[in-house]
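Take a look at the helices and aromatic rings of this protein.

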Amino acid sequence: MTQQLQDEFDSSVENAEAWMKAIQERLRINDNTKGPRSALEARLRETEKIRALEPEGSLKMDLILAKADAALRSIGEDKKHEVLSKLKDIKALWEETAIYITHCHSRIEWVWLHWSEYLKAQDEFYTWIHNMRVTLEPDIELQLGLKEKQWQLSHAQVLLNDVLNQSVLLERLLEEAASLFNRISDPSVDEDVQKKMRVEYEGIREEAQNRVKLLEKITKEHERYSTNVNQFQSWLNGVTERLTYCIGEATKSSAEDKLKALKEIAKNIRSGGKKWKHLENQCAEVIQNTSPLGAEKMKDELEELRKALEKLKLLSSEEEERLLKIQQSESAYKFQARQLEADVQELKKDLQRLENYLDPGEGEKTEDEFVALWRKCNATRAALAAEEAKVERLKAQLKELLRFSQDVQPHAESVVSAIQQYQSVRGESSKMSTDTETQLRRLFQNPLQDFEQWKPSVQMLLETPEPVLAHIEAALAESSQFKEKLMILQLKKDLLNNILGEEEAKSFLQEVAEASKEREILHKNLLQSKSKLQNLISQHEDFDAAFAPLQKKLSAIKAKLDLEKEPQPDLLGKKTQLQRLQVHYSNYCNCIITHFDLRHFVACKHSYERTFQSSLRRRAYKITLVMQMMIQQSEEHVQKHWAYNDKLADLQQWITATRERIDSYQGADGEQNTESRVADL
């Protein structure tokens, strides 16, 4: 037996050792990350299968441990060392195999996952390369103007920044490729592939940089041209401003001083021709990198500058001739101009005073304030009518100044300003008067409009079959308010004539009078309705007081009927119950006759009373049916019990007679006539 256990142990050790070595051999064959992706995937699947066999190895070790334990208990001390030595060796081999399984699978799996992530990043990189190539491949589109070229340059710079930022991702991708190549030695990640990726990236970067450089050149060229145009325009505006100032009415220089200044301006204008010629040459260069529509716009802009320059030349020449004539009439012109300005200032002062007087103030206004404002407006309009003669005199003075050759624009502007101020004040007063009249009309019409809106609600309230007293009282209060408002309107006859006119005021007062009559009628109807409602309320109270005892009696009868529903134990109890029910029914009938007479029902005119009476009648009718049914059932119970007692008495008599006959068949001596008794029985 001892030898058998040792043999079993040795056999299990040999089997496990052979299995572990076979596993290690399979791992050794697959423990390689070199080669194509398909081979790596096959080795990954193989190591997954080997890893799935690890529980089988654990079972074999458990079997060995069990066999070793059995053998150690049965063998001698001299052989235990041998068993323990084999057990130690097989444990070490299993630990080595288990570690090898884990490390081999993890190593291959890590390389597989690393490769997958690299391929994903590589696909994204080539997708980006393709998208950038599609974006950068078309030729640069000619733009309309400087702003569009700046936008185009900004977009190209954004693309270039994207390309430059992509270099970090490229370097990381190349590092990953080199790391993978060291592990797998696959051509898909060798140095040629890495160089190709770098070359393609550098081609995209160079193309983006070239595009940005070209666009910067085009944009700067256009910016220089635009700056020169702006400078020429500023110079042109400056010369124009100097010429305008020289020939304008605002200047106080003499004609001789103006002529000297005008010669300096003419000299400056002649130098502008060279500047414009330089712009023309520069424009021809910029147009080459501008869209046809933009080029046309630039040509038009340049032509406008040329025309403006020619116009300045012409204006300067004409002004020089004009100034020679102005010198002859300058003194007379100055005198009339001073007189005109004095009259203008006087008119403006008067107009400012009227405008200040016309200030309506802020905030909501009452009717009296609107009336005062309306009267202010009328007074202001009358004062403005008196100022109209001054305005006409100013126009005549300005027309007189036009005979002179001097520029009268400042005086004309002053007169126009005064006339505009006059018209503004007149328009403001007219508008304010109209607005005030509108507000007053609205205030006058409000009571009538409110009354017309209030009237249908009152009529509806009067037509309601059962109105609420509170609503009637509220309507009466509103009616009193309307009475006061309408009476106040009738007292404002003179004010209404002034604001509305006699015809319209007369028509309006007729409407007020008609509204007052309608209000009186509605008020009387409301008072009648209030009186009726108060009478009905009093009747309700009497009605409730009359029917309260009836309700209590019906409730008491109902409670008694509920007590009579309990079954009785004997005939006497049932008879007594029937008598009580008959007494209850008699009392109930007397109660109904007393309270539900026909005359009282005819007097119930209000729906509340009719509804309440109908409810009581239904309840009384229901109680009547219940009582009649209970009396009928009680009578049936008494009759049935009575019939039962009669039958029971007959049965008891028959039993007694039969017992006496049986006793008579037995004589005093105890002898019996058997045949005759049997026949009798």
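Phe 232 and Trp 235 sit three residues apart in helix H6 (residues 191-247), which means about one helical turn separates them. An α-helix has 3.6 residues a turn, so residues three or four places apart point the same way. The model is predicted. In it, Phe 232 and Trp 235 form a tilted aromatic pair.

Trp 19 belongs to helix H1 (residues 2-30) and Trp 94 to helix H4 (residues 77-136), so the pair ties together parts that are 75 residues apart in sequence. Trp 19 counts as buried because its relative accessibility is 13%, under the 20% cut-off. Trp 94 counts as buried too, at 12% relative accessibility. Ring pairs also link a cluster made of Phe 125, Tyr 126, Trp 128 and Tyr 201.

Now turn to helix H3 (residues 54-74). H3 has 21 residues. From first C-alpha to last, H3 reaches 31 Å, close to the 30 Å expected at 1.5 Å a residue. Which residues of H3 are buried? They are Gly 57, Met 61, Ile 64, Ala 68, Ala 71 and Leu 72. These residues cover an arc of only 95 degrees around the axis, so they lie on the same side of H3. Leu 59 and Arg 73 are exposed on the other side of H3.

Is Tyr 422 buried or exposed? Tyr 422 is buried, because its relative accessible area is 4%. The C-alpha atoms of Tyr 422 and Glu 388 are separated by 8.5 Å. Along the chain, Tyr 422 and Glu 388 are 34 residues apart.

Last, the annotation. UniProt, in an unreviewed entry, places the feature "coiled-coil region" at residues 198-225 and 295-404. In the model, residues 198-225 are 100% helix and 0% strand. The end C-alpha atoms of this span lie 40 Å apart.

Methods:
Residues are numbered from 1 along each chain as its sequence is written. This is a predicted model: local features need pLDDT of at least 70, side-chain atom pairs count only at pLDDT 80 or more; totals for chains, interfaces and linings use all residues. Side-chain values use heavy atoms; hydrogens and water are left out. UniProt positions are given in the numbering used here, feature names are shortened, and annotations may be inferred rather than shown by experiment. Helices (H or I, at least four residues) and strands (E, at least two) are DSSP runs, numbered from the N terminus. Buried means under 20% relative accessible area, exposed over 50%, partly exposed in between (1.4 Å probe, protein chains only). The expected span of a helix is 1.5 Å times one less than its number of residues. The arc is that of the directions from the helix axis to the C-beta atoms. Rings of Phe, Tyr and Trp (its six-membered ring) pair if their centres lie within 6.5 Å; planes under 30 degrees apart count as stacked, over 60 as edge-to-face and the rest as tilted.
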